[in-house]
Structure formats: structure tokens, C-alpha cells
Amino acid sequence: EARAASRLNHPNSVGVIDFGRNGGQLYLVMEFLRGRDLARAVYEDGLLPVQRVIDILVQVLAALAEAHHLDIIHRDLKPENIVREQMRSGADFVKVVDFGLAKIRDLRTNITSPGLVCGTPDYMAPEQGRGAPIDTRSDLYACGVILFQLLTGRLPFEAESPTQVVLMHLSQPPPDPRKVAPDRNIPDLIVDICLKALAKNADDRFQTADEFALALKAALVTTADRPSAQHN
């Protein structure tokens, strides 16, 4: 985690101040974050307006774009690993944390062995669930799951066991967010973006974090004047 996070220098990534070994004890010093993780915030405060959801995802993708540029794949993106602090203006400021499962692609030694399935099943890309080689687009799939969850209040795939969830990610198409949460009046353009991010084949997803973010920003402009996007 220290090796991965210390290479990052982006406002939306948690900052590592120092790390090393003190005798036999490893230590890691990171910046102190005052916000709440996104899972806790949504649990305590309820679903966010669609426009704020988009703004949060754009910040997450900005952090990922920097990490991916450095050949770092997070591999465990989920709301618990996104810390949100509300600024005095009312806007959200986001930090992506916990690079403990990160894979640095230009190093021979990785935290995990090839073929070992690592991550959180609810947010795991199909190729990750199969134990197949992954790339930066696997993180973008996890962002698609997070977007779906923030829009609808539930995960795209739910089952009694983690294994069943992984199998659903592998084989079942995601449900339409508009049908899952009809009262949210989710704009069609946002739905299209979400479902593209959740494509089973990585070639059918957004290919970079910047491409994903640009699509969301364009959708934000389109929906900015819609009362349904502002109040639901």
C-alpha cells in the first residue's frame, strides 16, 4: 500500500507522508481525513442528488486517471474506500483511499499471486472474478457499480453468498437503474453511461478514466437545468 500510494500526487488521492521500518515494526503515515466514507454518508444521510453523484464520480475518476497513468490498478474500489468531505460551500471533496490491494504493473513482485481473486465481490469486474488478467478497465467497472449504487440505493447484483454475486457479475446483465429506482427520475444519458461502465467485456466499457469522466461531465451539463436531476 505504501509503495503504491506514495507514488500518487493528486488532490483526490490520499497523501502518504512517510513510510518505512522502525526496528521490526512497519509504519505508514498518511494525511488525516476529516470526512466520512461514502458508504457511511449515504447510510446516514440517504441518497444524494444525481448531480452530486456525478460530481463525486468525476473526482474519483480523476484520482484513478493519475493512478492508471503510473500503472497502478486499485482493485478494491468501493464506497468504503471513498472519503467525502463537505466543504463550506456545500460542495463535496473526495479522496480515494486504501491502495492495500493495488497492483503496480511495472513491478515483478506484486502483493498477490497471479490468478488469485482479490477484491470485494460486489464491485468485482468479470475478469477479476474469473482470476483472469486485469487492467485499468477493471477499476472502471467498479466505478460503474458505485455509480449504479449511488443512483438507485442498491447494488446491481445481490445474492446470499459472495460466490453467487461473482457469478452474477460474470453472466447476468445489470438491471436498468430506471426500473430499480423509478422515483429517482434518472436521466437516460446517465443510465447509458452506467450500463456502458458495467459491460461484461472490457473492450465495451470506457477505455480510460478520463473518457468516463468526460462522459459524466457532458451528462452533468445536460441535466444541470432539470428539476428532477436536482431534487431526486
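Start with helix α2: its buried residues pack against β3 (36-37), α3 (50-69), β5 (82-86) and α5 (136-152). Buried means under 20% relative accessible area, exposed over 50%, and partly exposed in between (1.4 Å probe, protein chains only). Packing and touching rest on contact, which means heavy atoms within 4.5 Å. Helices (H or I, at least four residues) and strands (E, at least two) are DSSP runs, numbered from the N terminus.

This is a predicted model, in which local features need pLDDT of at least 70 and side-chain atom pairs count only at pLDDT 80 or more, while totals for chains, interfaces and linings use all residues. Residues are numbered from 1 along each chain as its sequence is written, and side-chain values use heavy atoms, with hydrogens and water left out.

**Stop 1: helix α2**

Select residues 38-45, which form α2. Colour L38, A41 and V42, the buried residues of this helix. Looking down the axis of α2, these buried residues fall within an arc of 95°, so they line one face of the helix. The arc is that of the directions from the helix axis to the C-beta atoms. An α-helix has 3.6 residues a turn, so residues three or four places apart point the same way.

Next, show both ends of α2. D37 caps the N-terminal end, with a side-chain oxygen 3.0 Å from the backbone nitrogen of A39. A polar contact is a pair of N or O atoms within 3.5 Å; within protein, one must be able to donate a hydrogen and the other to accept it, and residues adjacent in sequence count only if both atoms are side-chain atoms. After α2 comes G46, with a positive phi near 90°.

**Stop 2: the whole chain**

Zoom out. The chain holds ten helices and seven strands. Of its 232 residues, 46% are buried. Among contacts between residues at least 6 apart in sequence, 68% join residues at least 24 apart. The accessible surface comes to about 11400 Å², and 50% of that belongs to carbon and sulfur atoms. Accessible areas come from the Shrake-Rupley method with a 1.4 Å probe; for residues, only the protein chains shown count as cover.

**Stop 3: the cavity**

How many cavities of 30 Å³ or more are there? The count is one. The largest cavity has about 50 Å³ of space. Eleven residues line the largest cavity, and R75, D76, Y123, M124 and Q128 are the closest to its centre. Select α5 as well: with three residues, this helix gives the most to the lining.

A cavity is a set of points, on a 1 Å grid over the protein atoms alone, where a 1.4 Å probe fits but cannot get out; lining residues have an atom within 4 Å of a point. Grid points are joined across faces, edges and corners, and a volume is the space filled by probe spheres set on the points.

**Stop 4: K78**

Go to the loop between β4 (72-73) and β5, where K78 lies. Is K78 buried or exposed? With 17% relative accessibility, K78 counts as buried. Leaving out residues up to four places away in sequence, K78 touches T120, Y123 and I146. K78 and M124 are 46 residues apart in sequence and 9.6 Å apart in space, C-alpha to C-alpha.

**Stop 5: A159 and helix α6**

Move to the loop between α5 and α6 (162-171) and select A159. A159 is partly exposed, with a relative accessible area of 36%. Residues up to four places away in sequence aside, A159 touches Q164, V165 and M168.

Now colour V165, V166, M168 and H169, the buried residues of α6. Down the axis of α6, these buried residues fall within an arc of 160°, so they line one face of the helix. T163 and S171 are exposed on the other side of α6. The cover over the buried residues of α6 includes α4 (126-129) and α5.

**Stop 6: two positive phi values**

Select D71 in the loop between α3 and β4. Its phi is near 65°, a positive value in a residue other than glycine. D71 is partly exposed, at a relative accessible area of 26%.

End at R75, in the loop between β4 and β5. R75 is not a glycine, yet it has a positive phi of about 75°. At 10% relative accessibility, R75 counts as buried.

Methods
On a 1 Å grid over the protein atoms alone, a cavity is a set of points where a 1.4 Å probe fits but cannot get out, and a pocket is an open set with protein on both sides within 12 Å along at least five of seven lines; lining residues have an atom within 4 Å of a point.
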